[in-house]
Amino acid sequence: MNRRTLLTGASVAALSGCKVLDDARGGTLGAVMASANSLTYRVHRALGGGHTLAPEYTQADIRQGMHPNGSTNPQTADYLALQGNAWADYRLEVGGMVGQTLSLSLADLRAMQAQTQITRHDCVEGWSCIAKWTGVRLGHVLAMATPQAGARFVVFHCFDAIERGLAGEVLYHESIDMVDATHPQTILAWGVNDEDLPVRNGAPLRVRVERQLGYKMAKYIRRIDLVADFTGLGRERGGYWPDKGYDWFAGI
Ligand SMILES: Nc1nc2c(c(=O)[nH]1)N[C@H]1C(S)=C(S)[C@@H](COP(=O)(O)O)O[C@H]1N2
Ligand SMILES: [Mo]
């Protein structure tokens with residue numbers, strides 16, 4: 001067992017998937033795991049885990065529709081309004097540490113150079129699914145926005161309230177570094193298996209980060225921000241599930 005397998009195995013055992021919460025990773029254990037994760041990340045990047053490609057598959061490998069997980073039907077008012085109008089008023093906002101903010105309609109995104117890839121999605125819960133994804137390279141969109149020199153992470157803000165409680169709604173968010181953001185297989189997808197992305201899989205736009213676990217691949221993206229760090233963002237661990245104790249770096 002290598003370190004990565006060990007860590008992933010531990011995450012699965014402690015948390016048993018996307019839906020079940022567990023405090024096992026808080027406190028001392030959480031701190032140990034967090035530093036182990038940061039080591040995993042640095043080792044990955046130092047060993048040039050840079051732009052190696054995730055395996056791609058063929059049409060024959062697609063055995064079923066893309067299995068939906070996590071939020072599958074957002075009910076926030078702004079999302080329902082956009083959905084009701086078939087996304088005509090949807091705009092992807094790109095901002096933060098950029099030279100040029102962007103506001104892109106789905107038509108704008110579809111007019112860009114599209115890319116299709118058949119890849120395997122691995123959820124931390126232990127299931128996998130092969131599907132065909134179509135979209136535009138995130139790196140292409142980011143280049144249009146001219147990232148500032150100090151930008152280190154790309155944060156995805158989503159429409160769905162993954163949690164509703166006494167403290168109010170918590171909207172899903174995730175983040176990746178600039179290496180993953182500019183990776184040739186990292187795309188903003190509007191299509192799956194030759195159809196428009198359905199609501200259950202993240203309509204109108206979701207990200208594919210093919211060398212990471214499923215929870216990194218934000219669905220229902222409303223805004224993309226370039227940042228230097230996670231100050232002021234939730235519990236400042238870079239994502240909804242990382243805030244709950246999952247590894248921020250979920251490389252596979
Ligand atoms: N906005 C948002 N993105 C999300 C989630 C979510 O609940 N909300 N769930 C994550 C998890 S745990 C997985 S496995 C995948 C599921 O994507 P799918 O529904 O297309 O299978 O989306 C990820 N992205
Ligand atoms: Mo997942």
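Visitor: Where is the place of leucine 47?
Guide: Leucine 47 sits in the loop between helix H2 (27-46) and helix H3 (77-84), where helices (H or I, at least four residues) and strands (E, at least two) are DSSP runs numbered from the N terminus. This is a predicted model, in which local features need pLDDT of at least 70, side-chain atom pairs count only at pLDDT 80 or more, and totals for chains, interfaces and linings use all residues. Residues are numbered from 1 along each chain as its sequence is written, chains are lettered from A and ligands numbered from 1 in the order in which they are written, and side-chain values use heavy atoms, with hydrogens and water left out.

Visitor: And is leucine 47 buried or exposed?
Guide: Leucine 47 counts as exposed because its relative accessibility is 71%; buried means under 20% relative accessible area, exposed over 50%, and partly exposed in between (1.4 Å probe, protein chains only).

Visitor: Switching to strands, which strands does S1 pair with?
Guide: Strand S1 (residues 92-96) runs antiparallel to strand S2 (residues 102-104), with three bridges, and parallel to strand S10 (residues 221-227), with four bridges; two strands pair if DSSP finds at least two bridges between them.

Visitor: Which residues stand opposite each other there?
Guide: Leucine 92 faces leucine 104 in S2, while valine 94 is opposite isoleucine 224 in S10.

Visitor: How many residues lie between S5 and S6 in their hairpin?
Guide: Two residues lie between S5 and S6, and nine bridges join these antiparallel strands, S5 covering residues 153-165 and S6 residues 168-177.
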